[in-house]
Amino acid sequence: DAAGGRARAVCDGVVPCVLRLARDAPCGVRDALRFAAERLGPGGAAKIAPALEACRDDAAEAFVVACQGLHEPLKRLYEGVQLLTRQARDAAGSGGPAARERCRQTWAQLDATLLSDAWPGVGEKIGDANARFVQKMQKKLRKRLGPLVCGAAPASELAQALAENLRDARDKAASVAAPRGGAAPLERYSTWLRDFDGASTFLEVPGGVASENARVACFEPTVKVLSSKQLPKRLTVRATDGLRVDYLVKGGEDLRNDARVEALFAAMADVLAADVNASRRGLGRTLRTYAVVPLSPRVGLVEWVPRAPVLGAVLRREFGNGREADGVKLLERATAARNVALFGPGTTQDGPDHARRKKRFAAKMSSARDAFRAARRVLDARSGGLRRHLAALAPSAEAFLAARRTYAASLAASAAAGYVVGLGDRHLDNFLVAADGALVHIDMGYSFGTGAMLAVPELVPFRLTRELEAPLEPGNARERVRGGLVATLSAFRAPRGRARLLGLLEAFV
């Protein structure tokens with residue numbers, strides 16, 4: 001059709017430019033082309049094949065495969081079967097033969113980088129945990145899934161069979177726990193990373209966080225395993241310029257959206273730094289950013305922000321007088337008080353009861369207000385946890401006042417920036433508190449307004465709760481934040497700031 005013809009014409013016009021970029025600046029397009037090669041059909045992948053070959057770097061490709069291996073193998077299996085199931089259902093519907101071919105490509109990729117005992121680029125240096133998984137599961141999974149995906153069974157039968165395997169994979173993935181102590185030797189997941197030697201192999205420091213001519217010298221022999229659902233790993237890079245850089249390796253996630261939001265935040269910080277009023281308030285320097293490096297649709301790196309605990313952990317520890325477990329118990333009592341106010345005596349906690357959840361969502365404003373006040377009364381005795389945390393970090397009264405100024409500017413700038421990019425899911429574990437008092441947004445999965453499309457839409461423009469106001473008291477906290485918000489949004493709306501931000505947004509959205 002006409003639209004398809006125009007799209008092909010645009011593609012044919014862009015390909016020579018991409019090829020030139022791949023030859024002149026390979027590091028700038030290598031990751032993007034890797035994504036494109038997986039997302040495009042066979043025809044599209046063939047068009048960019050010369051550009052891929054022009055910017056190919058064997059060490060960079062091996063590094064991507066090794067980083068995928070840092071993700072727990074049982075979780076990678078579940079995610080792979082989940083993708084296969086989705087593609088099979090698409091093939092059974094309107095996707096047709098193209099969707100079935102994507103199923104086969106996904107299986108080939110899963111087989112090569114999970115079930116094989118020698119992975120592309122890294123060979124047999126796949127780590128002890130991955131080697132044990134291959135030894136235990138290779139024959140079983142190849143026998144069970146291989147004929148299903150590559151055979152001639154109808155797509156509907158394939159989708160049903162994969163759905164049955166998906167339940168088993170999900171249960172096994174959920175059973176994986178972080179190792180005792182939260183640390184593991186790097187060789188458990190990748191002997192290629194453990195044995196890497198920058199003297200003989202050139203590998204750029206990811207994210208451009210080191211000096212221009214620096215490269216990776218080696219990786220530290222231990223990784224920290226976080227206890228969150230996906231068990232991400234903290235990998236430490238030693239650069240040839242002496243810099244030590246920590247990255248959070250997030251498996252099972254496509255981080256391109258996070259990278260776009262961080263690019264927008266960096267542009268916003270530049271706009272604020274160039275605006276006289278915003279710069280006088282310190283808004284530009286307190287809108288903190290960090291490097292996000294999407295490596296493939298299955299793995300990416302996030303620069304670790306040093307000495308910056310999660311806001312939720314800070315408040316739970318302060319609520320519990322220094323013990324996070326006691327803070328959790330206090331929050332549970334607050335939740336129980338809220339439920340009693342909503343549902344009546346005898347109700348102490350949320351359960352799986354659909355009717356109860358429906359009643360909570362449908363509560364009248366007066367009932368919701370009473371429930372909120374009931375929970376607040378439980379927490380009031382330990383309120384002001386963030387203020388106490390900032391005070392504990394400060395060696396003097398002057399240092400505390402400086403941290404509070406930084407916090408106030410950061411709260412206003414980050415709230416306005418999050419509002420502009422439609423950032424949602426702003427619960428307490430999606431903020432970091434830097435050592436100088438600045439707030440840092442993390443986990444940008446719900447952005448560009450997607451939070452408003454949830455079953456329970458997120459309608460609040462940004463988070464400004466009692467605990468976030470507490471560090472700015474006894475003054476008028478909201479007025480102080482209001483001044484920063486006005487200055488930030490005025491800078492964004494000025495002709496120069498507006499042109500720059502709209503240019504980026506039009507490219508991203």
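Trainee: What volume does the largest cavity have?
Mentor: About 90 Å³. A cavity here is a set of points, on a 1 Å grid over the protein atoms alone, where a 1.4 Å probe fits but cannot get out. Volume is the space filled by probe spheres set on the points, with grid points joined across faces, edges and corners.
Trainee: Is that from a predicted or an experimental model?
Mentor: This is a predicted model: local features need pLDDT of at least 70, side-chain atom pairs count only at pLDDT 80 or more, and totals for chains, interfaces and linings use all residues. Residues are numbered from 1 along each chain as its sequence is written, and side-chain values use heavy atoms, without hydrogens and water.
Trainee: Which residues lie nearest the centre of the largest cavity?
Mentor: Ser 414, Ala 415, His 441, Phe 462 and Arg 463, out of 13 lining residues. Lining means having an atom within 4 Å of a point.
Trainee: Which elements give two or more of those?
Mentor: α17 (397-420) and β9 (439-441). Helices (H or I, at least four residues) and strands (E, at least two) are DSSP runs, numbered from the N terminus. α17 gives the most, with five residues.
Trainee: Now the second largest cavity. How much space lies in it?
Mentor: About 70 Å³. Its lining includes Leu 77, Leu 141, Arg 144, Asp 168 and Lys 172.
Trainee: Which element gives the most there?
Mentor: α7, with four residues. α5 (73-115), α6 (128-150) and α7 (155-174) each supply at least two.
Trainee: How many cavities of 30 Å³ or more are there?
Mentor: Three.

Note on methods: On a 1 Å grid over the protein atoms alone, a cavity is a set of points where a 1.4 Å probe fits but cannot get out, and a pocket is an open set with protein on both sides within 12 Å along at least five of seven lines; lining residues have an atom within 4 Å of a point.
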